[in-house]
Amino acid sequence: MKRILPLIQSFFLALLVGTALTGCAIFGAPTELDDTKGWPAERIYEAGATAMSDKDYDKALGYFKKLESRFPHGKYATQAKLEIIYANFKKDDPVSTLVAADRFIKIHPNHPNVDYAYYLKGLATFNERGIIEKITKQNINDRDPKALKLSFAAFKDLTERYPKSRYYKDATQRMVYIVNTLAQHEMHVARYYMDRKAYLAALNRAKYVLEYYPKSDAVEDALVTMVSAYDYMDLTDLKEDSIRVLKTNYPENPLINGKLVQEERIWWKFWESL
């Protein structure tokens with residue numbers, strides 16, 4: 001009898017645990033307590049703003065999303081949408097930042113601070129770098145330019161739509177930087193092709209820079225590459241035309257000053273001097 005009693009106790013204990021687990025499955029997990037229940041919109045917004053000041057962006061997002069859901073209309077809900085964009089940006093989450101910015105622009109196209117949404121949209125992909133790039137400190141012009149092109153488009157929208165925006169000057173400066181970076185990216189690829197004797201491919205990259213980034217600081221480099229590619233392809237007339245353009249725009253270039261040892265075709269040395 002003494003041996004049977006513990007077995008019965010164990011059986012009823014297992015039965016109770018099983019019942020509890022079944023109850024959880026039926027009724028779902030316990031509901032998380034909502035500390036904002038009954039709060040007015042202003043108080044929720046202030047709590048979110050405090051979390052932002054504390055750099056607790058996840059907590060801030062929680063408050064602002066509750067505010068927007070519970071009070072979809074009014075100044076606090078509208079401001080919460082802007083705060084959501086910024087919080088996602090500070091979290092280094094470019095995808096969520098873009099989604100939130102596009103949503104705000106679509107819902108509030110005439111809002112007095114809509115230029116801020118465009119600005120954050122531009123910053124989201126301007127700063128985007130992958131984990132590997134951050135670890136290896138990869139040069140920005142060595143990576144996929146897609147993110148920078150998205151950034152440029154957002155800044156361009158901002159500057160064209162809101163020329164009096166407080167963000168206009170910074171956006172313009174970033175656009176110049178992006179253009180130079182994209183141009184350098186093209187030349188980085190052009191050098192890769194030149195090293196592998198794919199002269200036509202290198203030439204096309206150089207032409208692309210002249211056509212789409214004519215004001216970038218990579219134009220001189222592009223012209224030197226064109227001269228080099230034409231020379232290797234024995235296209236003398238086109239090479240001479242490129243040299244004339246180079247001489248007109250960059251008279252101090254080493255190639256123009258007669259420092260080229262043509263027999264050795266050491267064009268690559270001029271890239272190092274630019």
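In which crossing, left-handed or right-handed, does H2 pass H4?

Author: This is a predicted model, in which local features need pLDDT of at least 70 and side-chain atom pairs count only at pLDDT 80 or more, while totals for chains, interfaces and linings use all residues. Residues are numbered from 1 along each chain as its sequence is written, and side-chain values use heavy atoms, with hydrogens and water left out.

H2 passes H4 in a left-handed crossing. A crossing is left-handed if the near helix is turned anticlockwise from the far one by less than a right angle, and right-handed if clockwise. Helix H2 covers residues 41-53 and helix H4 covers residues 75-90; helices here are DSSP runs (H or I, at least four residues), numbered from the N terminus.

Two packed helices are described by the angle between their axes and the distance between the axes. For H2 and H4 the axes come within 11 Å and cross at roughly 20°. Axes are lines fitted to C-alpha atoms, for helices over the stretch in contact, and angles run from 0 to 180 degrees between N-to-C directions. H2 and H4 are therefore roughly parallel to each other, a label for angles under 35 degrees.

On the H2 side, the contact (heavy atoms within 4.5 Å) is made by Ala-41, Glu-42, Tyr-45 and Met-52. H4 contributes Tyr-76, Gln-79, Ala-80, Glu-83, Tyr-86 and Ala-87. By class, seven of the residues in this contact are nonpolar, one is polar and two are charged. Ala, Val, Leu, Ile, Met, Phe, Trp, Tyr, Cys and Pro count as nonpolar, Asp, Glu, Lys and Arg as charged, and the others, Gly among them, as polar.

Ile-85 leads from this part to the rest of the chain. Leaving aside its neighbours within four places in sequence, Ile-85 is in contact with Thr-97, Ala-100, Ala-101, Phe-104, Ala-117 and Leu-120. Ile-85 is also listed with Phe-64, Phe-155 and Val-209 as having the most contacts inside the largest nonpolar core, which has 61 residues. Such a core is a set of buried Ala, Val, Leu, Ile, Met, Phe, Trp, Tyr and Cys residues joined through side-chain atoms within 4.5 Å. The largest share of this core, nine residues, comes from H9.

Buried residues (under 20% relative accessible area, with a 1.4 Å probe and protein chains only) make up 39% of the 274 residues.

How values were computed. Buried < 20%, exposed > 50% of the residue type's maximum accessible area, 1.4 Å probe, protein only. Helix = DSSP H or I, 4+ residues; strand = E, 2+ residues; numbered from the N terminus. Parallel < 35°, antiparallel > 145°, perpendicular 65-115°, else oblique.
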